[in-house]
Amino acid sequence: MAKAKVKKVFLDSLGKQNPVFAQVLGICSTLAVTNVLKNTLVMTMGVVFVTALSNFTVSLMRKVIPSRVRMMVETLIIASYVIIVEIALKAFVPDIWRQLGPYVGLIITNCIIMGRAEAFALSNPAGISLVDGLASGIGYAYVLLIIAFFRELMGSGTIWGYQVMGSWWTNWSIMVMPPGAFFMLAVFIWIVKGLLLTHEEKKS
Amino acid sequence: MNSAVYPLAVFFAAVFTNNILLANYLGMCSFLSVSRELKTSVGLGAAVTFVMATTSLLNWLVYHYILLPLDLDYLRFIVFIVVIAAFVQLVEMIIERVSETLYAALGIFLPLITVNCAILGVCLFMVIRDYDLLSSFTFGLGSGIGWFLAILAMAGIRQKLARARVPRGLEGAGITLIITGMMALAFMGFTGMIKL
């Protein structure tokens, strides 16, 4: 039974309950970095790490946190993990760290992490909370990586910094600018929701 | 740039060219969920502007007089978020005592603000761009007003949109994001007005 539950939690976060397109949460801090694939990967890895471990920690501590101050305690737990991420990035990939700027710190206020801690970790044991955090993080990561892939491809004609489009390609500079991120995410949500809706209609 | 004009330039840049929401994507969560009605948008916008302006001031003081001398730069995330949360709590208690009507209008939005990424974002930008005290304040105020402007415009558009027919699958978040994109496009017209 435990195994089935783990599987369900995992798949829900990737699909139906995906934090980005089903709940539209936590897009704030990471839309900004999706114009380059490499930065997005680093950023989302940070988010996965923080989501998983903060969920785990909150779950371990759920019986000792007084409910009045629980938001504050959760925020502090999340902030500690974000500091770890920041220091690690600064040490190992200083270039990317500089480009990400304040957005690494803004993982703290990413609503997904807080949302998972509130909705899941507070009422579930530690093991499954770790899985849930991991799955939400990955569900979030892959959507952003898809968006980053298209934004970099269309905006600069490159993937992972390598030129893939020939000389015939004209860069859509709008894609690497802020409006491009909004349009891209909207189109992505549109496609996914459209597919889900037709799928449900067929079933019923 | 002339040092007397600089804080003013920062203010206008924060409202128009570097709008915290439309150019830096911050504060999207509450922007998407609260912009349905004009009245609540005004309440939240006012609360955000107020908290942003004061916390950027407070955090500047904390950062330059406590964190830097003690060489605790890496603790700034935790310290900033605690300052913001404590300040919001304080304001909530004061408003509750002082004015019933103000509390009814703003009170419910205050807890939301602690986790609003725009507030923390302003404080982090202020550190990275190395603003002085006055510029930090005008930056916070300007960003708040810029956010206010964006959510107000969005609420107005969404009220009209309630009667429009939106393609299937695009209702809700999708169409709001597209409108936000168009607004960002419009605000890009301000680029070049002020260079920072």
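Modeller: The model is predicted, local features need pLDDT of at least 70, side-chain atom pairs count only at pLDDT 80 or more, and totals for chains, interfaces and linings use all residues. Residues are numbered from 1 along each chain as its sequence is written, while chains are lettered from A and ligands numbered from 1 in the order in which they are written.

Colleague: Why are H3(A) and H7(A) called roughly antiparallel?

Modeller: Helices are DSSP runs of H or I with at least four residues, strands are runs of E with at least two, and both are numbered from the N terminus. Axes are lines fitted to C-alpha atoms, for helices over the stretch in contact, and angles run from 0 to 180 degrees between N-to-C directions. Helix H3 (residues 37-61) and helix H7 (residues 126-156) of chain A cross at roughly 165°, with axes that come within 8 Å. Angles under 35 degrees count as roughly parallel, over 145 as roughly antiparallel, 65 to 115 as roughly perpendicular and the rest as oblique. H3(A) and H7(A) are therefore roughly antiparallel.

Colleague: Which hand does the crossing of H3(A) and H7(A) have?

Modeller: H3(A) passes H7(A) in a right-handed crossing. A crossing is right-handed if the near helix is turned clockwise from the far one by less than a right angle, and left-handed if anticlockwise. The contact of H3(A) with H7(A) has 17 nonpolar, 10 polar and 2 charged residues. Here Ala, Val, Leu, Ile, Met, Phe, Trp, Tyr, Cys and Pro count as nonpolar, Asp, Glu, Lys and Arg as charged, and the others, Gly among them, as polar.

Colleague: What makes H3(B) oblique to H4(B)?

Modeller: The axes of helix H3 (residues 38-67) of chain B and H4(B) cross at roughly 135° and come within 10 Å. That angle makes H3(B) oblique to H4(B). The crossing of H3(B) past H4(B) is right-handed. Residues in contact have C-beta atoms, placed from the backbone, within 7 Å of each other. Among those that meet are B:Val51, B:Leu58 and B:Tyr63 in H3(B), and B:Arg76, B:Phe80 and B:Phe87 in H4(B). By class, this contact of H3(B) with H4(B) has 11 nonpolar, 3 polar and 1 charged residues.

Colleague: Why is H3(B) called oblique to H7(B)?

Modeller: H3(B) and H7(B) pack at an angle of about 40°, with their axes 9 Å apart. That makes H3(B) oblique to H7(B). H3(B) passes H7(B) in a right-handed crossing. Residues of H3(B) including B:Val51, B:Thr55 and B:Trp60 meet residues of H7(B) including B:Ile119, B:Val122 and B:Met126. The contact of H3(B) with H7(B) divides into 11 nonpolar, 3 polar and no charged residues.

Colleague: Why is B:Tyr25 called buried?

Modeller: A residue is buried if 20 or more other C-beta atoms lie within 10 Å of its own, exposed if 12 or fewer, and partly exposed in between, with C-beta atoms placed from the backbone. B:Tyr25 has 28 such atoms within 10 Å, so B:Tyr25 is buried. B:Tyr25 lies in the loop between H1 and H2 of chain B and has a positive phi of about 60° although it is not a glycine.

Colleague: What makes B:Asp130 count as exposed?

Modeller: B:Asp130 has 8 C-beta neighbours inside 10 Å, so B:Asp130 counts as exposed. Its phi is near 60°, a positive value in a residue other than glycine. B:Asp130 is in the loop between H7 and helix H8 (133-161) of chain B.

Colleague: Why does B:Ala104 count as exposed, and why is B:Tyr6 called partly exposed?

Modeller: B:Ala104, in helix H5 (residues 100-106) of chain B, has 11 C-beta neighbours inside 10 Å and so counts as exposed. B:Tyr6, in helix H1 (residues 6-17) of chain B, is partly exposed because 16 other C-beta atoms lie within 10 Å.

Colleague: Which element of chain B gives the most to the side that touches chain A?

Modeller: The contact takes 34 residues from chain B and 36 residues from chain A. H9(B) gives the most to the side of chain B that touches chain A, with 8 residues. By class, that side of chain B has 25 nonpolar, 8 polar and 1 charged residues.

Note on methods: Two residues are in contact if their C-beta atoms, placed from the backbone, lie within 7 Å.
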